[in-house]
Amino acid sequence: MTARTARTATAAATAAAVLAGAAACSAPGGGEGSGGGTESVTVGVAQEPETLSPLLGYGKEGNSKIFDGLLTHDARMNLRPALATRLPQVSKDGRTYTYDLRKGVTFSDGKPFTAEDVVYTYETILDEKTDNPSKGELDAVESVTAEGKHRVVFRLSYPYAAFAERTVLPIASQAVASRTDVNTGSYNTQPVGTGPYVLTRWRKGEKLSFKANPHYWGGKPKVERFTVAVIEDDDVRATRLRSGDLDGAILPPDLAETFEKDEDKRTFSAKTADYRAVTLPSGNPVTGDRAVRRALDLAVDRKAMVDSVLNGAGKPAYGPLPTDSPWFAEGTRRARDLTRARKLLDDAGWKPGKDGIRTKHGRRASFTLWYFSGDKLRQEHALAYAGDAKKAGIDVTVRAGSREVVRPRLDHDAMLMGNGFPADPDFDLYPTLHSSQIGDGWNNLAHYHDKTVDEQLDTARRSRDPEVRKTAYDTVQRALEKNPGYTFLTHIDHVYVIDDKWRGLTTQVEPHDHGIGAGPWWDLQDWQPQE
Amino acid sequence: MSGAAIPAAVPAAARLVGRRLLAAVPVLAAVTFGVFALAAASPFDPVQQYAGAAGLSASQETLDQLRANLALDGPFPQRRWEWLTSAVQGDLGDSTSLRQPVAQAIGERLGWSVLLCAAGFCFAVTAGTALGVAAARRRGGLLDRIVTPLAYTPEAAPPFWIGLLGIWLFAIRLDVLPAGGLTDSGSDVVTAGRCCGTSRCPSAAGALVRPHRRAGRGLRSPGERGGQIRTPRPRRYASGLMSLP
C-alpha cells in the first residue's frame, strides 16, 4: 500500500462516515424550499416565546395563531367575539360577565371545545402552583363557572371595566394540558388549540413552524404554511430578508430604510403604546421636588429624541397614553420651553452654582438615571435626557445595570423604563400611577402618590360608562401634567418590512412586549394573495 | 502484532476507564458545588430570568409565589443536595428557561451536536491533513506560503466575523447553503441531502463561532441553539459587511 492510496482510502471512509451521519439524522418527507408563492410565509423576529402554553402566559395579548380567546381585537383594536358568539353580557354591578360560546368548535386534535376548557384555562392560570408571571392581570377574577357546555360566567371581586379586554387570552385544551405538568410538561412545546394554525415543529432558538388548520371554525387560512425564524441580531435578520430567505421581518428603523428602494417590499410603521419614560422617585429630595419635575418635563426635547434616537419612527409622549389614542387628553401636549423650565427652578429656590448645576439649601440638583445594560435604545434616551437636563442646570448621571443591580436602588434613583398595553388605559395608568402599586414589583417606581389621581383611577376602573371613564382619565392626565412624577419621552413605532404579495395588510396598535402576535402578520389567517 | 498483546491490553484499558470514572465522582461533586455556590453569590435573580418581560409588570405577590414554586429559597448547600439526590436517581430537574425537563432538553439536542462536531472534525482533519502534507512537500513553496497564513487567519480573526463572512459567501453570494439553521427558514423537513449540504457551513463556521457563542450566552443553559450559526451582539461591527449587496 503506498502512502497515496492509503490517504485516498481514508478520505473515502471519512466521506462515507459523514454521509452516513447525515442520513441518520434526516427527518422523513421530501425537501421543500420556501418557494416564491403566497401559500407560505416566513418571517424573522428578534425573540422567541419562552413557552407556547397559554397557561404560562403565551399569547395573552391575542393573535396567538395556535389558539383563540373568547374575544379578539380587530385592526382598530375594537373587541370582537371569537370563541364567544357575542360580546359578554355584564351585570348592572359590573361584577358578572357572561359569555355564550360558539358551538361545533374543535381543537386541532378533533376534540370538541366546551365551557370546561375555559374554566380549566382560567382556573389553572390563577392556581398558585402555576408559574405564570402574568397571573396578576386576572386578579379581579373571583370565580369562573360553566353553565352547561356553552356558557361561562365570570364573577369578579370588584367591578372592573377593562375585564373584557383580558378575555382575549387563549383557551387551552383541558383534555391535553391537564395530562401534563403545567410548568414543565409537553404542552409548553406541543400545544393543542382551536386556532387558525397548528404548530408542526419548534426548534428552540431557530424557528417555529406552523401549518394551516384545515378544520378552523373561521375557515381554512389561505396561507398554508407559516414559519417564524428567531434571529436575535438585527443585521443578520436584514441580510436574510435581503437574500429572500425571509418574506418579512421586524427591523430597527435605520435598517428598514435600506429596503425603501426595493419595489417588491413594503414597510409598515406600526403605531404602538410602547413608551419610554424616566421615573422620578418621590423619596429623592431632588426628583421628588415638583419644581424639578416640571422643569425636567419642560426642558426635555422630545422631538429631537424622536428624530435622532428613533430615526423619526415614533412620536413624543406626554403620558402612557399615545397622542393618537382616543383616550388621550387634548391640551396636555407640552412644547419644549427651556426659559420657563429655568424660571420654575429659579422661583423654587434652585440657584445655579459655579459649575452651572443648581443647588438649594446646599443640595445639588443631581441624580442617577439607570437603564438596563445592553438596551441601546434606552441608553440613547437616557443620554439625550441627561443632555437636556444639564441645559436647565440639573445634573443627571447615566448608569447601566442588570435588573438585580437596578431594582434595589430605585427608591432613590431614576430609571429609564418602558412599557405599554394598548387595549385599555387602565392597564398602563393604574400600575404606574396608583399609590396602592408603590413598591409592588416594578410597578409605580416613582412612588407616585396623588389623591386626585388615585380617586380618578378607581372611578375609571369601576365605571362602565365611557363618558365617565374618559373624564376621569382626562383628569389623571392633567394632574400628571401638573405633577409629572415621570418624564414621558417617546412612543416608539415598530417597523416591519415585508414582501408586497398580499392585499390589504394592516397593523394593530402594538404593546411594548410584541411577539408573534404583533406585526402585519397579526391577522395572517385572513391574508389574501394579490390578484 | 502478537496475539498475546490483546488480552493484556483489555484489562489495562478497563482499569484506565475505571480509574477515570472514579476520578469523575469528586470532580463532578466539586463542580456542582462550585456552580451552586457561584449562582448563590451572584446577584442574578432566577425569578426575573424566568418571568422575562412579564416580570417587569408582575406584582410582588406573583414574584414571591414564583420564587416559592421554583424552590429557589433556602441556603444553596441544601438546594444543591436536593438537586444531587434527584440527579443520582435520574431526575436532572427542569430547565426554567426552556420550560421542560433538563434530560429531555439535552436529549433533543445531542444528535445535532454530534453531527455538527463530527462533520466539523472530519472536515478539519481531512482538509487540514491534505493541505498540511501538500504544503510540507515543498517548504517555502507557493502552496506553503498560501496555506500557512490561511491557517493562522481564522485564529486571529473574531469568530463571529468569520461566521458572518461565511453567511455572506455561502448563502448570499454562492447561494449553496441556507443563511442559518439546518435548512432554509421556510422549509420544515430535514432531508439527508439538505442536511449533508447544509451541515458543512454551520460546522465549519459554527466550530469557529462556538467560543464566542458561549461567552455571549451568559447564564443560559448550553446547547440550546441547535445547529444554527449564531452571530453574537456587536452589531455595528457587522454593519459594514451587511451593507454589501
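Which strands of chain A does helix H10 (residues 376-391) of chain A lie across? In this predicted model, helix H10 of chain A lies across S13, strand S18 (366-372), S19, S20 and strand S21 (486-492) of chain A. Relative to S18(A), the helix runs at about 165°.

These strands belong to an open sheet of six strands in chain A, with the order S14-S21-S13-S20-S18-S19 and mixed pairing. The edges are formed by strand S14 (314-316) and strand S19 (395-401) of chain A, each of which pairs on one side only. On average, and with direction ignored, neighbouring strands of the sheet are turned by 25° against each other. Within the sheet, strand S13 (residues 275-279) of chain A is joined to strand S20 (residues 414-419) of chain A by four bridges in the antiparallel sense. A:Ala277 has A:Met417, in S20(A), as its bridge partner.

For the complex, the predictor gives an ipTM of 0.83 and a pTM of 0.80. The average pLDDT of chain B is 73, and 69% of the residues of chain B score at least 70. Among the elements of chain B, the highest mean pLDDT, 92, is that of helix H3 (residues 60-69), and the lowest, 32, is that of helix H9 (residues 235-242). In chain B the pLDDT is below 50 over residues 194-245.

How values were computed:
Residues numbered from 1 in each chain as written. Chains lettered and ligands numbered in written order. Predicted model: local features only at pLDDT ≥ 70, side-chain atom pairs only at ≥ 80, totals over all residues. Heavy atoms only, no water. pLDDT = per-residue confidence, 0-100. Helix = DSSP H or I, 4+ residues; strand = E, 2+ residues; numbered from the N terminus. Contact = heavy atoms within 4.5 Å. Pairing = 2+ DSSP bridges. Axes fitted to C-alpha atoms, helices over the stretch in contact; angles between N-to-C directions.
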